[in-house]
Amino acid sequence: MTSVAPGTLDRLRGADFLDIAQLATEQLQGVLDLADDIKAGRWASTPLSGRTVAMIFQKPSIRTRVSFQVGIQRLGGTAMALGDQDIGLGTREAVPDVARVLDRYVDGIVARLFAHQDLIDLAAASRAPVINALTDGSHPCQVLADLLTIRERVGRLDSGIRVAFVGDGNNVARSLMEAAALLGFALTVVTPPDYEPPVEAAGGVAWVRATSDLGAVQGSDVVYTDVWTSMGQEAETDARRGRFAEYQVDEALMDLAPRAVFMHCLPAHRGEEVAAAVIDGPRSVVFDQAENRMWAQMALLALIFAEDA
């Protein structure tokens, strides 16, 4: 396992990417800058030429699988998708054994898993870089795309903007908190009591907070939500619908933030966490977010697999 070292951008080379908090501020900004350049056609290279990346999926996916597969191909590499039925991670085969086997075949691993500890164990046993494509603990690649989208649509990504995340304090909220702590933008997670994300995700900075008060959305530049029930929580669906009902992002809530764009990492449940009029309305940038998954991940891969200078 290698971990991202603070400092210059070239230290991303060969590193795992497990969480936003592993990055230094200049590294995070550098990933976003390169994503901008790739998207705009100002950068074109094939650092994955002759390389194969294994993509492990314990959870179903459309955006993660397609964005990574297409991005890897555009960078000159080959993507190999492996479902849980192929591996049986932690059940049919021990996590470290999977890592050591894949090490003999591939140059990198993208993993979309349930347990964050399995991701940590996979990276610890792997010599090849491991990239977190989602766990129950965090969703850093999604948040890279979110940050790119905010820069594009709001025009800045610094202490001058305010982001409100409304709903479950889940893996996306935790990764957003880590990003806010690094970049300095104000983030308020608005969630029912007992569903707050862990405060340590923000490292104790004053500009990241959690509240149950929906009035905290007032004046935000971004209003973000996600599903109330994530994969693996299906047994809690009815209880969560009742608990989160007043936290739907509807037109009245968006009226508290008249200049805000609306964000959602998808898939969305219209009529639950968001009203159809909001997600399908003119202030919604959800499909920009989806597209930006590819550009942000291409930038990340390009830096991790960069050739030695």
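Guide: A residue is called buried if its relative accessible area is under 20%, exposed if it is over 50%, and partly exposed in between, with a 1.4 Å probe and protein chains only. The model is predicted, so local features need pLDDT of at least 70 and side-chain atom pairs count only at pLDDT 80 or more, while totals for chains, interfaces and linings use all residues. Residues are numbered from 1 along each chain as its sequence is written, and side-chain values use heavy atoms, with hydrogens and water left out.

A pair of aromatic rings is described by the distance of the centres and the angle of the planes. Rings of Phe, Tyr and Trp (its six-membered ring) pair if their centres lie within 6.5 Å; planes under 30 degrees apart count as stacked, over 60 as edge-to-face and the rest as tilted. A search of the whole structure finds three such pairs.

One of them joins Phe165 and Tyr224, whose rings are tilted, at 5.3 Å centre to centre and with 45° between the planes. Phe165 belongs to strand S5 (residues 162–166) and Tyr224 to strand S8 (residues 222–225), so this pair ties together parts that are 59 residues apart in sequence. Helices (H or I, at least four residues) and strands (E, at least two) are DSSP runs, numbered from the N terminus. Phe165 is buried, with a relative accessible area of 1%, and Tyr224 is likewise buried, at 1%.

Tyr195 and Phe244 form an edge-to-face pair, 4.8 Å centre to centre and with 65° between the planes. This pair links distant parts of the chain, 49 residues apart: Tyr195 is in the loop between strand S6 (186–190) and strand S7 (208–211), whereas Phe244 is in helix H8 (residues 237–244). Phe244 is buried, at 0% relative accessibility. Together with Trp228, Tyr195 and Phe244 form one aromatic cluster.

The loop between S6 and S7 also holds Asp194. The phi of Asp194 is near 80°, a positive value in a residue other than glycine. Asp194 is exposed, with a relative accessible area of 71%.

A positive phi, about 65°, is also found at Leu266, which is not a glycine. Leu266 lies in the loop between S9 and H10 and is buried, with a relative accessible area of 15%. A cis peptide bond, with omega about 0°, joins Leu266 to Pro267. Pro267 lies in the loop between strand S9 (261–264) and helix H10 (276–279).
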